[in-house]
Amino acid sequence: MSIDLKTIKHISKLSRISVDEKRAEKLAGDLNSIFDFIEKLNELKTDNVEPLTSVAETTLKLRPDEVKSKNIREQIIKNSPQDNEDYFVVPKVIE
Amino acid sequence: MSDITKQSLTELVENIKNKKLSSTDVTKAFIERSEKSKELNAYITEDFTSALDKAKKFDQKPNLDLKLPGIPMAVKDLFCTNNVKTTAGSKILNNFVPTYESTVTENIWKEGAILLGKLNCDEFAMGSSNETSFFGNVQNPIDKDLVPGGSSGGSASAVAGQLTPITIGTDTGGSIRQPASFTGTVGLKPTYGSCSRYGIVAFASSLDQAGPMAQNVKDCALLQEVISTYDPKDSTSIDFKRNQYSKELTNNIKGKKIGIPKEYRVDGMPKEIEDLWQKGIQYVKDCGAETIDISLPHTSYALPTYYIVAPAEASSNLARYDGVKYGFRAEGENLIDMYEKTRSEGFGAEVQRRIMIGTYVLSSGYYDAYYLKAQKVRKLIKNDFDEAYKKVDAILTPSTPSSAFKIGEKTNDPVSMYLNDIFTVPVNLAGLPGISIPAGHDSKGYPLGLQIIGKAFDEQNILNIAFAMEEKINFKNKITDWWIK
């Protein structure tokens, strides 16, 4: 299998990480060597194996649906790069 | 009292309880040594002034019934600490000051410990050498320009270099055990669900666990006793009966059955590692345990499985860093451009690589071929352990396939870097506890570790085996203080 520059561009768009041409080439090389290594899994037949989604074999505990944190707006906003005290501010979305 | 920083956690606790030392004495000593040890680059954030204030306050009204009375302690910078900057070793969180505390650190402060500062680590815990940190390489106290391992490299360096009496790290694929092995210290990765993940910067949620890193097994048991609690704030935290690990610690392991898995004898493994393993087998026999040859047939599939599962979960977890709610933001022409520039400038190369692997294996058309396949192989790996534990109580292996390497030696080849975790990754995939203890030195004088893997929730058993072996091994770390001028 080979990951080409077109695929790198596609993944870069999906993961919202901009990548210039030079980095795209380096990434394609890195990802190809990693996927060569991952291909080993195809040696195994797994048709009848149940996928393991969690090692914690417990059912989720129920709890009452109550508000526990109150009036923490300031705390939530505190680390935002840009806000107007009540809201997060982002670049204009609608013209 | 001189040589405070040379004392173990257990000794310090005793000396504070007997009033031979005050919290202020101890805190001052570790601050002074940390100040002289800047070259190790173990800290990202120092909190020394505040630590000294807390120590003085503790001494005014000391509560000596606590388990960690007035003990200063630095922690990995992956744990959110209220009002103290938490970066996860990343530029993208370089300005992040949490407004809440992780459960694990909360448990530590409740028992009387005092935060010294936040320790360096690979960016988002993705790395095996601490070289992916935005805040620079960490030096291994064993030798100059030697990596301390990773991702909990700052933690390992700080414990081995005696900048903190004990610490906590996190382990997703070996990030506690591998650096412990590289620095001649003890590191425990608990059973998945033993320690709460609440407030720990997430990497791969089905694998991440916090655990203690210490100078000896007893200290490690004591900290495990403090940090392991059931926590409703983590949906995968498990409500099981936890032991008083340090109080119940015993070196009596007579009759224990210890498995030796043949698949851990990998191609190209140095003879020194094989010899060390054989020595380890002899030590457990000398302690009255029995060794049994076992097979874990899917061992060689663990790393490829890990490099699908972990990046997939990471790509999802790290989607939250968008330059909107917290962290670094790069300016962009529009919203999408802002996202893309923020993440491109904010994440380092290894993190971007893993997000992209994860995005690819989860993307339309590839999910079944990669992610689902990996989850199935993960099941086979877990089945191997389940089968083995019908015959044995624990498993003994080397911790790593080599000793510590030089800074820069493996940075250009991601796959050779990933091979560091070949013996530790299967344990995370199966959700089991594993402990690395220092067991000898290689020809260069660098430490080598052995790993004991336990059944789920059987931390007490592997701590006991480690404790018994520690006595026989009588390991002495060779630290020359080369970095202190």
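User: Is Val75(B) buried or exposed, and how many C-beta neighbours does it have inside 10 Å?

Analyst: A residue is termed buried if 20 or more other C-beta atoms lie within 10 Å of its own, exposed if 12 or fewer, and partly exposed in between, with C-beta atoms placed from the backbone. Val75(B) counts as buried because it has 30 C-beta neighbours inside 10 Å. Please note that this is a predicted model, in which local features need pLDDT of at least 70 and side-chain atom pairs count only at pLDDT 80 or more, while totals for chains, interfaces and linings use all residues. Residues are numbered from 1 along each chain as its sequence is written, and chains are lettered from A and ligands numbered from 1 in the order in which they are written.

User: Where does Val75(B) lie, and which residues does it touch?

Analyst: Helices (H or I, at least four residues) and strands (E, at least two) are DSSP runs, numbered from the N terminus. Val75(B) belongs to strand 2 (residues 72-76) of chain B. Contact requires the C-beta atoms of two residues, placed from the backbone, to lie within 7 Å. Leaving out residues up to four places away in sequence, Val75(B) touches Thr105(B), Leu115(B), Lys118(B), Leu119(B), Thr167(B) and Ile168(B). Asp286(B), 211 residues from Val75(B) in sequence, is 36 Å from it in space, C-alpha to C-alpha.

User: How is the overall form of chain B to be read?

Analyst: One compares the radius of gyration, taken over C-alpha atoms, with the globule rule, which is 2.2 Å times the number of residues to the power 0.38. Chain B has 15 helices and 11 strands. Its radius of gyration is 21 Å, close to the 23 Å that the rule gives for 485 residues, so chain B is as compact as a globular protein of that length. The C-alpha trace of chain B spans about 65 × 55 × 45 Å along its principal axes. Buried residues make up 61% of the 485 residues. Of the contacts in chain B with a separation of 6 or more, 77% are between residues 24 or more positions apart.

User: How is a sheet described, and in what order do the eight strands of the open sheet in chain B stand?

Analyst: Two strands pair if DSSP finds at least two bridges between them. In chain B the order is 4-6-5-10-11-9-7-8, with mixed pairing. Strand 4 (167-171) and strand 8 (290-294) of chain B are at the edges with a single partner strand each, so one side of each has no neighbour in the sheet. From one strand to the next the twist averages 30°, where axes are lines fitted to C-alpha atoms, for helices over the stretch in contact, and angles run from 0 to 180 degrees between N-to-C directions.

User: How do strand 5 and strand 10 of chain B run, and which helix packs on the sheet?

Analyst: Strand 5 (residues 186-189) and strand 10 (residues 434-441) of chain B run antiparallel and are joined by three bridges. Gly187(B) has Ser436(B) in strand 10 as its bridge partner. Helix 7 (residues 217-227) of chain B packs on the sheet, touching strand 4, strand 5, strand 6 (209-214) and strand 10, and its direction makes about 145° with that of strand 6.

User: How many helices and strands does chain A have?

Analyst: Chain A has three helices and zero strands. The radius of gyration of chain A is 23 Å, well over the 12 Å given by the globule rule for 95 residues, so chain A is more spread out than a compact globule. Of its 95 residues, 16% count as buried.

User: Which residues of helix 1 in chain A are buried?

Analyst: An α-helix has 3.6 residues a turn, so residues three or four places apart point the same way. In helix 1 (residues 5-14) of chain A, Ile8(A), Ile11(A) and Ser12(A) are buried. They lie on the same side of the helix because they cover an arc of only 100° around the axis, the arc being that of the directions from the helix axis to the C-beta atoms. Their cover includes helix 2 (21-38) of chain A and helix 11 (349-362) of chain B.

User: How many residues does each chain bring to the contact between chain A and chain B?

Analyst: Chain A brings 38 residues and chain B brings 53. Helix 2 of chain A gives the most to the side of chain A that touches chain B, with seven residues.
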